[in-house]
Amino acid sequence: TFHAFCARVLRDYHAEWKQLRNSTMTKNFAIADDNACYRYIHGIIRERGFNSTEVATSRMQELIGLVKRENLQERLVDNPELQLACSVAKDYQQWLEDNNLMDFDDLVCITRDLLVHHPQTRERLRRKFRHVLVDEWQDTDKSQYLIVKLLGETAIQTASPVQTATG
């Protein structure tokens, strides 16, 4: 999976991304499960005085993922819901960092950023992964697509005929 691949890259190239992100995480980071992330985000929302009818935790979790994938910043968005998500994301990200945790979005986004901003690492990985096979291509997001594009001289995509528009 993309997440397993990204976790391996981030452990193998720990020093590079740690410097890039100015992170204190060790290469033995754990991957936070969705339930733990949900509970922590729920706590942040309640600390800020919102209840579940005002701000749905699952919606906030989705928006935090969007904030990470799109590198959104609170001061640059004019949507109040996204502004709140940017703000909550800061506290959430600090919790992950303090506990040596990454969520699934971190795995992909940090790997993407490493490949974009660290050409030596990108070239080492390109030599190692000259051909990239992606199963279930239709489920690939922009960050995952960029990882494949940056890595592979040849990218082979597969998809289930049942899930494609052209059959």
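A: Let's start with a lining: by class, the second largest pocket is lined by 9 nonpolar, 4 polar and 3 charged residues. Here Ala, Val, Leu, Ile, Met, Phe, Trp, Tyr, Cys and Pro count as nonpolar, Asp, Glu, Lys and Arg as charged, and the others, Gly among them, as polar. Bear in mind that this is a predicted model, where local features need pLDDT of at least 70 and side-chain atom pairs pLDDT 80 or more, while totals for chains, interfaces and linings use all residues. Residues are numbered from 1 along each chain as its sequence is written, and side-chain values use heavy atoms, with hydrogens and water left out.

Q: What volume does the second largest pocket have, and which residues are the closest to its centre?

A: The second largest pocket comes to about 320 Å³. T1, F2, V132, L133 and V134 are the closest to its centre, out of 16 lining residues. α1 (2–12), β3 (131–134) and α8 (142–151) each give two or more residues to that lining. Helices (H or I, at least four residues) and strands (E, at least two) are DSSP runs, numbered from the N terminus.

Q: What makes up the lining of the largest pocket?

A: Its lining splits into 8 nonpolar, 6 polar and 8 charged residues. Of the 22 lining residues, R21, V67, K68, N71 and Q93 lie nearest the centre. At least two residues each come from α2 (14–21), α4 (57–70), α5 (80–98) and α6, and α5 supplies the largest share, 6 residues. The volume of the largest pocket is about 580 Å³.

Q: What stands out about the phi of N71?

A: N71 has a positive phi of about 55 degrees, although it isn't a glycine. You'll find N71 in the loop between α4 and α5. N100 also has a positive phi of about 55 degrees without being a glycine, and N100 sits in the loop between α5 and β2 (101–102).

Q: Why are α6 and α7 described by the word they get for their angle to each other?

A: Helix α6 (residues 104–117) and helix α7 (residues 119–128) pack at about 105 degrees, with axes 5 Å apart. Angles of 65 to 115 degrees count as roughly perpendicular (under 35 is roughly parallel, over 145 roughly antiparallel, the rest oblique). So α6 and α7 are roughly perpendicular to each other.

Q: Which residues in α6 meet which in α7?

A: From α6 it's L114, L115, V116 and H117, and from α7 it's P119, T121, R122 and L125. Contact means heavy atoms within 4.5 Å. That contact has 5 nonpolar, 2 polar and 1 charged residues.

Q: How many aromatic pairs are there, and why does the pair of F5 and F129 get its label?

A: There are 4 aromatic pairs. Rings of Phe, Tyr and Trp (its six-membered ring) pair if their centres lie within 6.5 Å; planes under 30 degrees apart are stacked, over 60 edge-to-face, the rest tilted. F5 and F129 have ring centres 5.3 Å apart and planes at 80 degrees, so the pair is edge-to-face. This pair links distant parts of the chain: F5 is in helix α1 and F129 in the loop between α7 and β3, 124 residues apart.

Conventions: Axes fitted to C-alpha atoms, helices over the stretch in contact; angles between N-to-C directions. 1 Å grid on protein atoms, 1.4 Å probe; cavity = no way out; pocket = protein on both sides within 12 Å on 5 of 7 lines; lining within 4 Å. Points joined across faces, edges and corners; volume = space filled by probe spheres on them.
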